[in-house]
Amino acid sequence: MASSSTIPATENKVLILKSSDGDEFQLEESIAIGSVTIKNMVEDDCASNTIPLPNVDTEALVKIIEYLKKHAEISGSDEEEEIKKTKIKDFDKEFVSVKMQKLFNIILAANFLDIKALLDLCAQAIADKIKNKSHVAVRKIFNVECDYTKEEEEAVRKENAWAFEGEEFDESLD
């Protein structure tokens, strides 16, 4: 009797994702293909077992794996769609409750990995965090130097005084 060497249909292939720091993480292929970049590598047979991610550091990769796993877990559950949406919304809200610099790193990684939903989520979180911030705080957050001299800046403020009226601006950086 010949033995069958086929892989059972229920067994998922495991990929190893290697961060720019050299750390390796195992992730089921069915979850990892939530990244269009990884999906394309798998479909084009460019991915052996280990996929190097030179633009993704370990900290960002850990968060991205957490995101992909949780979204796959919730989406694959047998719950009603409304319950799934609520769980994903709650998870996403908690997920982006991190420091601004960590969000920036996740955005860079999500962009490289082409995970549009994560990119949109983090971009919205940053937009929400800078809402009602002063121009000075926003410049510091994004590390943008002011091109205006004090006199030029004062002239712009006078010309556009309406933009600075009535609102209290948050000067915090996170």
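The following questions and answers treat the chain as a whole and then the packing of its helices.

User: How far can the model be trusted, and what is the mean pLDDT of the protein chain?

Analyst: This is a predicted model, in which local features need pLDDT of at least 70 and side-chain atom pairs count only at pLDDT 80 or more, while totals for chains, interfaces and linings use all residues. Residues are numbered from 1 along each chain as its sequence is written, and side-chain values use heavy atoms, with hydrogens and water left out. pLDDT is the predictor's confidence in each residue, from 0 to 100. In the protein chain 88% of the residues reach 70 or more, and the mean pLDDT is 87.

User: Which element has the highest mean pLDDT?

Analyst: Helices (H or I, at least four residues) and strands (E, at least two) are DSSP runs, numbered from the N terminus. The protein chain has eight helices and three strands. Among its elements, helix α7 (residues 135–142) has the lowest mean pLDDT, 84, and the highest, 96, belongs to α5.

User: At what angle do α3 and α5 pack?

Analyst: Axes are lines fitted to C-alpha atoms, for helices over the stretch in contact, and angles run from 0 to 180 degrees between N-to-C directions. The axes of helix α3 (residues 58–75) and helix α5 (residues 100–113) are 9 Å apart, and the helices pack at an angle of about 70°. Because angles of 65 to 115 degrees count as roughly perpendicular, α3 is roughly perpendicular to α5.

User: Is α5 roughly parallel or roughly antiparallel to α6?

Analyst: The axes of α5 and helix α6 (residues 116–130) come within 9 Å and cross at roughly 150°. Angles under 35 degrees count as roughly parallel and those over 145 as roughly antiparallel. Therefore α5 is roughly antiparallel to α6.

User: Is K99 buried or exposed?

Analyst: K99 lies in the loop between α4 (81–95) and α5. Buried means under 20% relative accessible area, exposed over 50%, and partly exposed in between, with a 1.4 Å probe and protein chains only. Because its relative accessibility is 59%, K99 counts as exposed.
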